[in-house]
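I opened this notebook to record what I looked up in one model. The entries cover salt bridges, a pocket and strand pairing.

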Amino acid sequence: IPAGPTVYTGGLLTLVPDLPTLLISHEVVVPGRVMCVTIAQRDSGFTTFHWNVHNFGLTRDDIMRVKNMIARQAALAHSAPQLYTTILVGDFNIADGAIDHSTATSSRRRATSRAAKPGDALWRSIFQMLTELGSELPTHWDEGTQSAVKIDRLFASTPPWILCQTRQLRRTLSEPQEAFLQQLSDHVPVIVTWCSSRSLTSSRSRPLPRWVYSDPLYATT
């Protein structure tokens, strides 16, 4: 989408294949900061809602609008995962930890010093509707704190019973500090690939009952 109303609101780019089998539309939710691309397959009707976000300078009302839209889409995806899926990807500027590189020998994890922002709780409530698929590796170099943090993240509405039956590859293309020192960027590209290893056309193929993967203890094992 084009840049926002000022030079400080940037812009977003989502690339999709130009195929006659796809119906593609997009909605600018926040100019320069949030967009949603809808991709529908003409033959099967399978629909993907793909969100691209740069969480910078967004108001509480902006984030609430995103939350309400994703909640409706996620409800569709959860009720019929063979027909709908929601993907949320972007630079959220919300770090869940950091790796300290302030000395040559240090690689220990520590709590990040990035200050929490008023909208962070709203974003975390959105994240809870979905499943994070990104790598645990850091994606951004914070020169001020001399630490690498993960703020570029990817989430999907794909339910756990499907994820258990997929093959996944999650990686970054380089170390954030290395890219920063080479003056390429303070962010590094993140690649997430996952595909089904077998047909998921029947609910009987679920390897786990819903009450198991819905239990909070399941996430800790």
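The entries below follow the order of my look-ups.

**Entry 1. Basis.** I worked from a predicted model, in which local features need pLDDT of at least 70, side-chain atom pairs count only at pLDDT 80 or more, and totals for chains, interfaces and linings use all residues. Residues are numbered from 1 along each chain as its sequence is written, and side-chain values use heavy atoms, with hydrogens and water left out.

**Entry 2. Salt bridges.** I searched the whole structure for salt bridges and found three. The criterion is a side-chain nitrogen of Lys or Arg within 4 Å of a carboxyl oxygen of Asp or Glu.

I noted a salt bridge between Glu 27 and Arg 65, with the closest N and O atoms 3.2 Å apart. Glu 27 belongs to strand S1 (residues 22-30) and Arg 65 to helix H1 (residues 60-79), so this pair ties together parts that are 38 residues apart in sequence. Here helices (H or I, at least four residues) and strands (E, at least two) are DSSP runs, numbered from the N terminus.

I then checked accessibility, where buried means under 20% relative accessible area, exposed over 50%, and partly exposed in between (1.4 Å probe, protein chains only). Glu 27 is partly exposed at 35%, and Arg 65 is partly exposed at 38%.

Entry 3. Lys 150 sits in the loop between strand S9 (147-149) and strand S10 (152-156), and Glu 132 in strand S7 (residues 131-132), so the pair ties together parts that are 18 residues apart in sequence. Lys 150 is buried, at 3% relative accessible area, whereas Glu 132 is partly exposed, at 24%.

Glu 132 also meets Arg 153 in a salt bridge (2.9 Å, N to O). Arg 153 lies in strand S10 and Glu 132 in strand S7, so the pair ties together parts that are 21 residues apart in sequence. I recorded Arg 153 as buried, at 7% relative accessibility. Through shared partners, Glu 132, Lys 150 and Arg 153 form one network.

**Entry 4. Largest pocket.** I looked up the largest pocket, which holds about 1,200 Å³ of space. A pocket, on a 1 Å grid over the protein atoms alone with a 1.4 Å probe, is an open set of points with protein on both sides within 12 Å along at least five of seven lines; lining residues have an atom within 4 Å of a point. The volume is the space filled by probe spheres set on the points.

The pocket is lined by 46 residues, and those closest to its centre are His 50, Ile 87, Val 89, Leu 154 and Trp 194. Which strand gives the most to this lining? I found that S4 does, with six residues; S4 spans 84-91.

**Entry 5. Strand pairing.** I count two strands as paired if DSSP finds at least two bridges between them. S1 and S2 pair in the antiparallel sense over eight bridges, and Val 28 has Met 35 in S2 as its bridge partner. Seven bridges join S2 to S3, again antiparallel, with Met 35 opposite Asn 52 in S3. I also noted that six of the eight residues of S2 are buried.
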